[in-house]
Amino acid sequence: MNFAERYQQYYKAFETELIRFCADMNFTPAVLTESMRYSLLSGGKRVRPVLFLAAADCLGVPYEAELNFALALECIHTYSLIHDDLPAMDNDDYRRGRESNHKKFGEANAILAGDALLSYAFQLLLVESGKSDRHLRAALALSRAAGAEGMVAGQSADLLSEGKEAERDTLSFIYEHKTGKLVQAPLVMAAMLAGKNEAQMREYGKNLGILFQITDDILDVKGENSAMGKTLGKDEKAEKLTCVRLYGAKRSEQLADECAANCLAALDRMENADFLREFVYFVRNRNH
């Protein structure tokens, strides 16, 4: 199979499980269930679950048996998007081409939907962690990546840097934590479950996460609203610390290419990693 066919294979495996997962939700009040489903089923590339399933497959782990980890990843990512869109954060009315959760259900309900998704993710992780020491290590890795050691720290630094003088060290911290940790996590988790290639996956994931955020910053400047499914140009208006603001558009493109090369170098001599190599080009050349 080529890259697109493999991507669809992992995507469909996850999406089928996600639809079943959402169908089983039945919380009271009903608006909580509705708002959680609304954001979980709003489409998207499912980058993190696909990366996890692909990496597990690459390393010889039967990925169909580990779908709860993929669900936990998507619950955490979706909660972060709901909260990121809130007026107190990035203040965006659209996500994935339709109204943000807080525009559809109100700010209070959006906050609670995000809280519920985060809690549900840890419910899934607790179940998985009891299966083996490897499963426990993978669950802990995602816990760290999602919280004050990872994504939340990056989001905090991102907000604190708005309107301030651009600094390289701060930008690197934001990139490695806000986006990077939750892109790196699925790859490290798969390596932990396999009991091999952890250092390679950690390095590959770190650079892939940075590459993802650089391309996001570039697309905020040159992308199209219809393709991105969210409001563009907001980073510049908010004086956010981005690669484009610090280095300019041309140098940002060069840095993206360098980061892509680092990703490929991290996979050097790894067997069965063709999909992960192609994933680098997929991220570098994406338009949304």
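Which helices do the buried residues of α7 pack against? I started there. The model is predicted, so I kept its limits in view: local features need pLDDT of at least 70, side-chain atom pairs count only at pLDDT 80 or more, and totals for chains, interfaces and linings use all residues. Residues are numbered from 1 along each chain as its sequence is written, and side-chain values use heavy atoms, with hydrogens and water left out.

**Entry 1: α7**

I found the buried residues of α7 packing against α4, α6 (107-129), α8 (151-160) and α9. Contact here means heavy atoms within 4.5 Å. Helices are DSSP runs of H or I with at least four residues, strands are runs of E with at least two, and both are numbered from the N terminus. Helix α7 covers residues 133-146, 14 residues in total. From first C-alpha to last it reaches 20 Å, close to the 20 Å expected at 1.5 Å a residue. The expected span is 1.5 Å times one less than the number of residues. I listed H135, A138, A139, A141, L142, A145 and A146 as the buried residues of α7. They sit on the same side of α7, because they cover an arc of only 155 degrees around the axis. That arc is taken from the directions from the helix axis to the C-beta atoms. Buried means under 20% relative accessible area, exposed over 50%, and partly exposed in between, with a 1.4 Å probe and protein chains only.

**Entry 2: α14**

I turned to α14 (249-266). Its 18 residues should span 26 Å at 1.5 Å a residue, and the end C-alpha atoms are 26 Å apart, which agrees. The buried residues of α14 are S252, L255, A256, C259, A260, C263 and A266. They fall within an arc of 145 degrees seen down the axis, so they line one face of the helix. I noted K250 and A265 as exposed residues on the face turned away from the buried side. The buried residues of α14 pack against α10, α13 and α15 (274-284).

**Entry 3: the second largest pocket**

I read its volume as about 260 Å³. Its lining has 15 residues, with S172, Y175, I210, I214 and L255 nearest the centre. Elements giving two or more residues to this lining are α9 (168-194), α10 (198-222), α13 (243-247) and α14. The classes are 8 nonpolar, 3 polar and 4 charged.

**Entry 4: the cavity**

I searched the whole structure and got 1 cavity of 30 Å³ or more. The largest cavity holds about 90 Å³. Of its 13 lining residues, S39, S42, D85, R95 and N101 are the closest to the centre. Helix α4 gives the largest share of the lining, 3 residues. By class I have 3 nonpolar, 5 polar and 5 charged. Nonpolar covers Ala, Val, Leu, Ile, Met, Phe, Trp, Tyr, Cys and Pro; charged covers Asp, Glu, Lys and Arg; the others, Gly among them, are polar. On a 1 Å grid over the protein atoms alone, a 1.4 Å probe fits in a cavity but cannot get out; a pocket is an open set with protein on both sides within 12 Å along at least five of seven lines; lining residues have an atom within 4 Å of a point. Points join across faces, edges and corners, and volume is the space filled by probe spheres set on them.

**Entry 5: backbone checks**

I found a cis peptide bond between T28 and P29, with omega about 0 degrees. N272 has a positive phi of about 60 degrees although it is not a glycine. N272 lies in the loop between α14 and α15.
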